[in-house]
Amino acid sequence: MSVRAVSTPNIALIKYWSNRNEELRLPAADSLSMTLDRPTVEVVVEYAERFTARSFEPDGTARILTDKESKRLEKHFLLVKKYLDTIGAAVFPASVSLEIRSKIPKSVGLASSAAVFSVLAEAYGSFAKKLSRRDVSILARLGSGSASRSVFGGFVAMIAGEGETIGASYAEQVAPENHWKLWDIIIVPSHKEKETGSTEGHALARTSPLFEARLREIPNRQKMCIEAIRQKDFEKLQRVAEEDCLDMHAVMASSTPSLQYLSEETHRIIRDVEELRTREHLAVLYTMDAGPTVHLICDESALPSVRAYAHTQKDCTVFEASIGRGSHTL
Ligand code: DP6
């Protein structure tokens with residue numbers, strides 16, 4: 001038996017940064033994102049005697065997985081089996097072979113882990129008996145926290161929950177993809193800062209003196225963000241998303257060791273965008289994850305100006321996505 005599935009990344013509006021349990025990726029707080037409609041990652045999962053994983057670049061050439069990547073994929077598979085056993089849903093092969101085809105261009109600076117682990121959760125889930133979407137989001141979370149949110153389309157909340165059980169934290173949809181047609185114009189500055197991966201970064205968040213205050217703020221921000229989405233109030237969304245993004249980067253920068261993900265270029269683009277939206281009254285907001293890449297989220301009326309601005313940036317790669325439907329089998 002083999003299963004094919006597809007998924008995409010998501011962009012967080014309220015950021016996930018720190019876990020209460022690193023092993024199970026149980027987040028310290030809620031978060032919220034918009035699922036993108038591209039670029040896609042596809043997988044084929046087949047029954048196999050032993051676990052193997054092969055990965056392919058957008059041009060179809062084989063991509064050699066590092067030891068760390070292979071181990072992470074296998075560990076995820078074992079945690080998935082454990083959870084399915086716990087809920088009595090396991091009609092599952094002893095092991096599997098994976099074929100992962102990513103359309104995420106290397107130069108785009110979009111983390112592929114959300115798309116990869118949500119698509120694997122989708123495929124694994126279809127081997128099991130009657131899984132809910134919530135269960136699939138839990139399977140995705142076991143590989144990458146943010147992957148949980150790519151299981152749903154549209155706007156998606158990650159519920160931190162309480163306790164230390166595998167199923168304690170999951171994602172749920174706030175509004176479907178046809179609720180509000182927003183875009184993400186992604187500007188990747190050529191100058192790449194040295195990066196610490198998110199998994200290592202999450203573990204450092206608690207060393208920041210700003211971390212506790214951030215935890216206290218998130219419930220209110222999450223609530224405001226959900227309201228802004230339901231009411232399609234872009235100004236409200238912009239205020240809360242930018243505040244939370246800058247707050248996360250302040251936590252990152254003040255942790256030990258300090259994580260400086262933003263570059264001079266990032267700050268210049270932010271200033272330009274603030275000026276542009278005041279001048280042209282545009283519904284556009286900026287947000288950045290663990291890297292210098294700037295995501296400009298905008299509505300359809302702002303799209304031509306935001307797109308034009310992005311394409312005038314020298315030495316930057318520009319990538320466009322809109323709101324998507326989340327992971328699904330093919
Ligand atoms: C800054 O989900 O990539 O993008 O569970 O270690 O894979 P792992 O972490 P990951 O963390 C995402 C961090 C972020 C914010 C976000 O997407 O909410």
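Predicted model: local features only at pLDDT ≥ 70, side-chain atom pairs only at ≥ 80, totals over all residues.
1. Phe51, Phe77 and Tyr124 are joined by ring pairs into a cluster. In total, the structure holds 6 aromatic pairs.

2. A pair of aromatic rings is characterised by how far apart the centres lie and by the angle of the planes. For Phe155 and Trp180, the ring centres are 6.2 Å apart and the planes stand at 40°, so this pair is tilted. The pair connects distant parts of the chain, 25 residues apart: Phe155 belongs to strand S10 (residues 155–159), and Trp180 to the loop between strand S11 (170–175) and strand S12 (182–189).

3. Both partners fall under the 20% limit for a buried residue. Phe155 has a relative accessible area of 0%, and Trp180 has 10% relative accessibility.

4. The ligand is surrounded by 17 residues, and the closest are Arg72, Ser144, Gly145, Ser146 and Thr199. By class, the shell comprises 5 nonpolar, 7 polar and 5 charged residues.

5. Domain 1 (2–178) and domain 2 (182–322) each contribute at least three residues to the shell around the ligand. Helix H4 (residues 198–202) supplies the largest share of this shell, with 3 residues.

6. A polar backbone atom of Gly145 is 2.7 Å from an oxygen atom of the ligand. Of the 450 Å² that the ligand exposes when taken alone, the protein buries 95%.

Note on methods. Residues numbered from 1 in each chain as written. Heavy atoms only, no water. Near = heavy atom within 4 Å. Polar contact = N/O pair within 3.5 Å; in protein donor to acceptor, adjacent residues only side chain to side chain. Areas by Shrake-Rupley, 256 points an atom, 1.4 Å probe, with all protein chains shown as cover. Helix = DSSP H or I, 4+ residues; strand = E, 2+ residues; numbered from the N terminus. Nonpolar A, V, L, I, M, F, W, Y, C, P; charged D, E, K, R; others polar. Domains from an automatic or database assignment. Phe/Tyr/Trp six-rings, centres within 6.5 Å; stacked < 30°, edge-to-face > 60°. Buried < 20%, exposed > 50% of the residue type's maximum accessible area, 1.4 Å probe, protein only.
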